[in-house]
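Have a look first, then read on.

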Amino acid sequence: MIYSLVGYYSLILGLIIGLSLFYFSYKNFNNSNVLDTKILSFTFLQLFFVVISFLCLIFSFVISDFSNVTVFNNSHTTKPLFYKISGTWGNHEGSLLLWLLVLTLFIFIFLVRTKNQPVKYKILTLVFQQIIIVGFFLFLIKTSNPFNYIFPIPTEGLGLNPILQDPALAIHPPILYLGYVGSSIIFSSVLAATSLKIISTSWASHIKKWILISWIFLTLGILLGSIWAYYELGWGGFWFWDPVENVSLMPWLALTTLLHCILVLEKKSILTSWVIILSIAVFTLSMCGTFLVRSGILNSVHTFANDPERGLFILVFLFILIFLSILIFFFFHKDNDRKSYSFFWLSKETSILINNWFMMYFLSVVLIGTVYPIFLDVISSQKISVGPPFYHKLIIPFLIPFLLMMAIGPKLKWIKSQLEDKIYLIFFLIISILLAFLVLKNFNQNILINTILISSALYLFFITLRDFFVKKYKNISQNIAHFGFSLLILSILFNNIFASEIITNLKVGETFENSKTKIVFESVDQKKEKNYNAIIANFSISNLNGEEDRFSPELRIYNQPVIATSEADIKTTLMSDKFIVINLVQNQDFFNVRYQVKPFMLWIWLSVILISFAGIVSFLQKRS
Amino acid sequence: MYGRKVKLRFLFIIIILITLILTTFLILKSLEENVVYFQSPSEIKSLTEIDKSKIRVGGMVKKNSISINSNEVNFIITDFKNEINVTYSGAVPNLFAEEKGVVAEGFLKDRNFFSATKILAKHDENYMPPEVKEALGEK
C-alpha cells in the first residue's frame, strides 16, 4: 500500500524534475561556460526518484502486496523469492519502469563521466535525453502505471507465467534493456553534436565508448534470450526468426555497423552522415522493438500481454522523435569533409563501406520479413507468416562474400593499400576450400552452398587465428571479434548440417529403435513441489558405440497460473548436446518424445561470448 | 563535355540503382515463394482448387478428436462451422489439448485432409492467435 503510494509520487516528482531540467538547461546554455551544478544535482535527483520508485515496486513484489494491480497480475505467494523479484520486470509496466531507470542512469553517468567535451554539447545531450525521458514518464504514468490499486484487495495473485520463471530470463530483460536504452545516449549525443557541428575525431572516440557499452549488452542480451529459448521452449533450436527475436537483431545489426563507422570517423573523419543516420536508426529500431513487442501487433511464439492504446502512444512518440532527428539532420548537418573524400578502392575505408552495405542489406531483409506480414494484414487483411526459409535464402548467399571481406578487410591499410606480400591469403583460401570439401565428403553431405559457406568461414577462421600469433597486433579486439564470428558461423553450420532428430510417441515401457539409436522409456515418477507438480520420465538412450545415457525430462504443471511446461533434459558436452523433451497429449497414454543430437551447441554460445568479450577488450583499451 | 568527376558520380548512382532494384526484386521474389498463408477450415472448404504450397490452418481442436499412435497424432481442427482432419508426426507443444486453440502448418491433401509438418507452440494458455480468434469469428 504505502510502497505503491511512494512509488507513484516518486514518478510524478521525477517527471517534474525532468520538465524543470529543460528550463535550467536553457538558462545554462545561453549564459555560462561551465556546467551548472544544479543540472547535475537535478539529474541525480531524478535518477534517485526513479530508483526509489523501482525499489518500491520490487518491495511490493517481495511482500506480495496484492493491492497493487501489477503485483496481483504477475505474482503469487508460493513463488520463490528470486522470481518474485524478477517478476518486477517480467511484465509490461515493470519493464517500462526499468527502461526509465536505465535512461536516467545513463544520462547521469554521461554527465559525470564526459570530459574534454564542450559544455554546450553536454547540455544539449541532456535536453534530447530529457525529451525521451519525459516521454517515457508520461507513457508510464498515463497508460501503464505500475502502481494502480485494486479493490477489494485480493488474497492471492495470478502468478507469473512459469515459462518466464527461469534464471536466464530473469536477467535477460535488464541486460537487453541496457543495450536498447544505451542507444538512447548515442541518439541524444549524436543529435547534440550535429546541432553544434562538433562531430570530429575526438568526439568519435568519446562516443565510441558508449556505442561499445550498448553493443556489449545488446549482444549478451540476445545471447541470454537465445539460450533460454533453446532449453525452455523445447524445440532444440536457438533462433527461430521469430518477429520478437528479429526486433532485437535489427538494432544489433545497425549498432554493429555504427561501431565500424565510428572507427573510420575516429581515424579519418569521414562517413559522418553514416554515423548520424545509423545512430538515429539504432535508437528508432530499439523503440520499434519495444513498440512491436508491447503493442501486440506481432503474432509471435513469444506472446506477451498487450494493449492497443500503449502501442499508439509509443508510435506517436516514435514519430515525433524521428521527425525531430530528421529535421536536425537536414538543417544542421553540412557535409564538411569534402576535402578528402576520394579514397583508393583498395583501402580500409572501402572495405568498411562495403561492410556497411552488406549489413544494411541484412538489416533490410530482416526488416521486410518482420514488417511485411503486418503491412499486408493492414492493407488486405490477409494473414501470412514469413518463415526461416525466407531469411536463409536471402542471407546465406550474401554471407559468403561477407565472410571473405571480414578476413581481408582488416588487412588493408587506410587510404591506399597493396596486396603484394599477401600470398598467404591465397594459400589459406585453398586450404580452407580443401578442408571444407574433405569434411563434407566424409559425412556424405555434398551440398555446394554448404561447401562454399564452410570454406569462407574456415578462411576467416584461419586468417584471424594466424593473426593472433604473427603480429604484435594493434587491433586485438577486432581480431577477437572476427575470430568469434567465424567460430559462430562454423558452429551454426555444423550444428545444422550434422544435427539428428528422432520424434516418436511412446508408452511407458516401450522401446524405439532405429539403425543408430535405441530409446528405452523405462518409467515415470511423480514429484510435488511448492509451486508445481511434475511428471518425470526416465529414459535410457544408447547409440551405436554402446554409449548409454540416462535422461529424465520433466513435464511440469504449475499451479499459479495452471500451465503445463516441458523441462528438457540436456546433456552438454564439448562437442555436442543431447537434448530430450517430452509431452503428454491429453487423455492419452502416449508420450510425445523428441530426442535431438546437436553438435557444437556449446560453441555457439561460447563464440557469442567471445564476440562480446572483444567488445569489452576494446572498451578497456586506451586510445593509441 | 562532362568532367571525370561527374561521370564517376553518374556511374556510382547507376550502380546503386541497379543494386537496389536487384535487391528489391530478390527480396520480393523470395517473399512470394516463402510466405505462408493462414486459412480457416471454412476457407479451405470453399477453395476451388487445392494449392500445393504450404499453409497454416487454425481453429479449435475438436473435443474427443485426438488419437495417437507410435508415429502419428491425428486430430480435427474446427471453427464450429467446418472442420478438417489433421495428421501430424512430430513434436507437439505443451498447450496442445482438446478444445484449445491451435495453429498447424503443413500441406493440404484435399479439402478434408491436412498433413501438418509443424504445430505452433504458444506461451500462454489464455492466448489465442489473432488468426484463430478471427477464424472463430470472435473479436
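Q: What percentage of the 139 residues of chain B count as buried?
A: A residue is called buried if 20 or more other C-beta atoms lie within 10 Å of its own, exposed if 12 or fewer, and partly exposed in between, with C-beta atoms placed from the backbone. For the 139 residues of chain B, the share that counts as buried is 36%.

Q: Where do these numbers and letters come from, and what kind of model is this?
A: Residues are numbered from 1 along each chain as its sequence is written, while chains are lettered from A and ligands numbered from 1 in the order in which they are written. Local features need pLDDT of at least 70, side-chain atom pairs count only at pLDDT 80 or more, and totals for chains, interfaces and linings use all residues, since what you see is a predicted model.

Q: In what order do the elements of chain B run from the N terminus on?
A: Helices (H or I, at least four residues) and strands (E, at least two) are DSSP runs, numbered from the N terminus. Chain B has 3 helices and 7 strands. Read from the N terminus on, they go α-β-α-β-β-β-β-β-β-α.

Q: Is K5(B) buried or exposed?
A: You'll find K5(B) in helix α1 of chain B, residues 4-34. From K5(B) to T78(B) is 73 residues in sequence and 67 Å in space, C-alpha to C-alpha. K5(B) has 9 C-beta neighbours inside 10 Å, so it counts as exposed.

Q: How many residues of chain B are in contact with chain A?
A: Two residues are in contact if their C-beta atoms, placed from the backbone, lie within 7 Å. On the side of chain A that touches chain B, the elements that each supply at least two residues include α12 (348-380) and β11 (591-599). Counting contacts across the two chains, 36 residues of chain A meet, in chain B, 35 residues.

Q: Which helix gives the most to the side of domain 1 of chain A that touches domain 2 of chain A?
A: The domain bounds come from an automatic or database domain assignment, which gives domain 1 (1-163), domain 2 (166-333 + 349-410) and domain 3 (500-602) in chain A. Contacts link 28 residues of domain 1 of chain A with 26 residues of domain 2 of chain A. At least two residues each come from α4 (81-86), α5 (92-113) and α6 (119-143) of chain A on the domain 1 side. With 10 residues, the one that gives the most is α6(A).

Q: How are α5(A) and α6(A) oriented to each other?
A: Axes are lines fitted to C-alpha atoms, for helices over the stretch in contact, and angles run from 0 to 180 degrees between N-to-C directions. The axes of α5(A) and α6(A) are 10 Å apart, at an angle of about 165°. Angles under 35 degrees count as roughly parallel, over 145 as roughly antiparallel, 65 to 115 as roughly perpendicular and the rest as oblique. That is why α5(A) and α6(A) are roughly antiparallel.

Q: How many charged residues does the contact of α14(A) with α15(A) have?
A: The axes of α14 (423-442) and α15 (448-470) of chain A come within 8 Å and cross at roughly 130°, which makes α14(A) oblique to α15(A). Residues in the contact include F428(A) and L440(A) of α14(A) and N450(A) and F462(A) of α15(A). Ala, Val, Leu, Ile, Met, Phe, Trp, Tyr, Cys and Pro count as nonpolar, Asp, Glu, Lys and Arg as charged, and the others, Gly among them, as polar. By class, the contact of α14(A) with α15(A) has 14 nonpolar residues, 4 polar ones and, as for charged, no residues.

Q: Is M250(A) buried or exposed?
A: M250(A) sits in helix α9 of chain A, residues 243-268. Beyond its neighbours within four places in sequence, M250(A) is in contact with L285(A), L363(A), V366(A) and L367(A). M250(A) has 24 other C-beta atoms within 10 Å, so it is buried.

Q: Which peptide bond is cis, with omega near 0°?
A: Most residues other than glycine have a negative phi, and most peptide bonds are trans. In the loop between α6 and α7 (167-196) of chain A you'll find P152(A). The cis bond, with omega near 0°, runs from F151(A) to P152(A).
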